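Hi,

Here is the structure I promised to pass on. Have a look at it first, and then read on for what turned up.

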Amino acid sequence: MKRGKSRLEEELKLAKKRVDSLKQEVLYKTISNEKLENQIEELKKNLGMQFEIVSKIGSSPDLARTTGNILRQVRKKMRLDEIAILLFEPNDGRLRHFASYGLSKKKTRATFAPGDGISGIVFQTKKRCLIERVGRDPRFKRWEVDTEDYLDKAFLSIPLKEEKRIIGVVNASAQHISVDYANSLTVLAKTIAPMISLQQMKKHQEDAYFETIRRIMDFTEALNPYTFGHSYRVYQYSLHIADKLKCSPRERDLLGRGSRLHDVGKIAIMDIVKKPGLLSKSELKIMREHPLLGEQFVRGFEFLKDTVPIIKHHHERPSGKGYPWGLEGSKIPRLVSIVSIADAFDAMTSDRPYRERSSLDYAISELKKYRGYQFNEGIVEAFIENYHELEILLKDVKRKSKATDLNDSGFTS
Ligand SMILES: [Fe+2]
Ligand SMILES: [Fe+2]
């Protein structure tokens, strides 16, 4: 009986062991499955994020704004307080905020040298840094702005690496940042770095192209003392109007390039441009071709395609009596109207072979007289609303166009 009982106990023990090991196995498989599912989910999320980022940044005309929008989405999804990308500028050897979300203006103005603050340390060591609670971390001491609001927060800084080259850092702060989130943000950094680097190279190349065209443009104008510095002045007046109309940074950028190149078509008719005296009827006819010649020239450059309306239509008038198309009123885009007014203002306040320059009062009275007919009414109002300001601007631009253009054009005396 006793032997039978002990055998039963033995079997029970074995059965329990088997159950325990089965339980362990089931538990392990469940955990593994969960882990696997989580990993697949994470991968899917990361791949989705990468695809979205690549397609958005790859086709973006405004890298900082697009990156800012991506950061806004990431901040919302991950419930971060702040997220920022700082890029290293070799010119002054400092890290500057390139795009950010959730940061005060004061914070975005802060810059760091390599080794300075968390960003500088991460940039220098090329290693990610995740601090669970900032507290009195000595690495924060050297930051230029108030860091009190970070005391109870977690802070993450990730190097932005393109191949082996480090181009900046991605920073994030929140009440809590898990390792999973830190890993996802590392994927973001890895995805975004080559895109930013590529766009930066593209921008440098485009800036170099623009600079070359701009210098040729200035040189062409300098062949005739009556046109010398014209595009530079039109550019300055256009940006002044842009300030008055509170144009966006993108519009200002477009306006800057468009106004600087508005007469680029004249490069093709240099013989007429450099002619010192009055033009004959047939020469005037050719001269009126310059907006279309400019359009043909600029169309060859993908990055300048948005300036085409300014170049092609800066001689249109709201009355429909302008050229080359005779566009009327609201059909003339706002930026085109701005350059048109700046162009006419400079023409009036500059000497011509057949007349001396007009006074500021006369130029203003002409703008007023032809508003709504030759010039966009609202833009004229904005341009002339402050006489004293315009007086200073005119003097300043005239003075600068003599000195700056010579230097900018590269043919210093
Ligand atoms: Fe023109
Ligand atoms: Fe012009």
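This is a predicted model: local features need pLDDT of at least 70, side-chain atom pairs count only at pLDDT 80 or more; totals for chains, interfaces and linings use all residues.

Helix 13 covers residues 360–369, and its axis comes within 10 Å of that of helix 12, with a crossing angle of roughly 140°. The two helices are therefore oblique to each other, since only angles over 145 degrees would count as roughly antiparallel. On the helix 12 side the meeting residues are I341, F345 and M348, and on the helix 13 side they are A363, E366 and L367. Sorted by class, that contact has 5 nonpolar residues, no polar ones and 1 charged.

Take helix 14, residues 377–384: it packs against helix 12 at an angle of about 55°, with the axes 10 Å apart. That makes helix 12 oblique to helix 14. This crossing is right-handed. The contact is made by S337, I338 and I341 from helix 12, together with I379, V380 and F383 from helix 14. By class, these residues divide into 5 nonpolar and 1 polar, with no charged ones.

Then there is helix 6. It runs over residues 230–244 and packs against helix 12, residues 334–348, at about 130°, with 8 Å between the axes. Helix 6 and helix 12 are therefore oblique to each other as well. Their crossing is right-handed. Helix 6 brings H230, R233, V234, Y237, S238, I241 and A242 to the contact, while helix 12 brings I338, V339, I341, A342, D343, F345 and D346. Here the classes come out as 9 nonpolar, 2 polar and 3 charged residues.

Now for some backbone details. Most residues other than glycine have a negative phi, and most peptide bonds are trans. Which places in this chain go the other way? One is the peptide bond from Y323 to P324, which is cis, with omega near 10°. You'll find P324 in the loop that links helix 11 (308–313) to helix 12.

Another is R79, which has a positive phi of about 50° without being a glycine. R79 sits in the loop between helix 2 (63–77) and strand 1 (82–89). Is R79 buried or exposed? It is exposed, because there are 11 other C-beta atoms within 10 Å of R79, and 12 or fewer is the cut-off for that label.

K246 is a further case: it is not a glycine, yet its phi is positive, at about 50°. This residue belongs to the loop between helix 6 and helix 7 (249–260). K246 is exposed too, with 8 other C-beta atoms within 10 Å.

One more residue to look up is T108, which is part of helix 3 (residues 105–108). With 16 C-beta neighbours inside 10 Å, T108 counts as partly exposed. Leaving out residues up to four places away in sequence, T108 touches H97, S100 and L103. T108 and A84 are 24 residues apart in sequence, and their C-alpha atoms are 8.6 Å apart in space.

Finally, the chain as a whole. How many helices and strands are there? The chain has 15 helices and 5 strands. Of its 413 residues, 29% are buried. Looking at contacts between residues at least 6 apart in sequence, 58% join residues at least 24 apart.

As for confidence, the mean pLDDT of the chain is 84, and 82% of the residues reach 70 or more. The stretch to treat with care is residues 405–413, where the pLDDT is below 50; in the model this stretch has 13 contacts beyond near neighbours in sequence.

Cheers

Conventions. Residues are numbered from 1 along each chain as its sequence is written. Chains are lettered from A and ligands numbered from 1 in the order in which they are written. pLDDT is the predictor's confidence in each residue, from 0 to 100. Two residues are in contact if their C-beta atoms, placed from the backbone, lie within 7 Å. Helices (H or I, at least four residues) and strands (E, at least two) are DSSP runs, numbered from the N terminus. A residue is buried if 20 or more other C-beta atoms lie within 10 Å of its own, exposed if 12 or fewer, and partly exposed in between; C-beta atoms are placed from the backbone. Axes are lines fitted to C-alpha atoms, for helices over the stretch in contact, and angles run from 0 to 180 degrees between N-to-C directions. Angles under 35 degrees count as roughly parallel, over 145 as roughly antiparallel, 65 to 115 as roughly perpendicular and the rest as oblique. A crossing is left-handed if the near helix is turned anticlockwise from the far one by less than a right angle, and right-handed if clockwise. Ala, Val, Leu, Ile, Met, Phe, Trp, Tyr, Cys and Pro count as nonpolar, Asp, Glu, Lys and Arg as charged, and the others, Gly among them, as polar.
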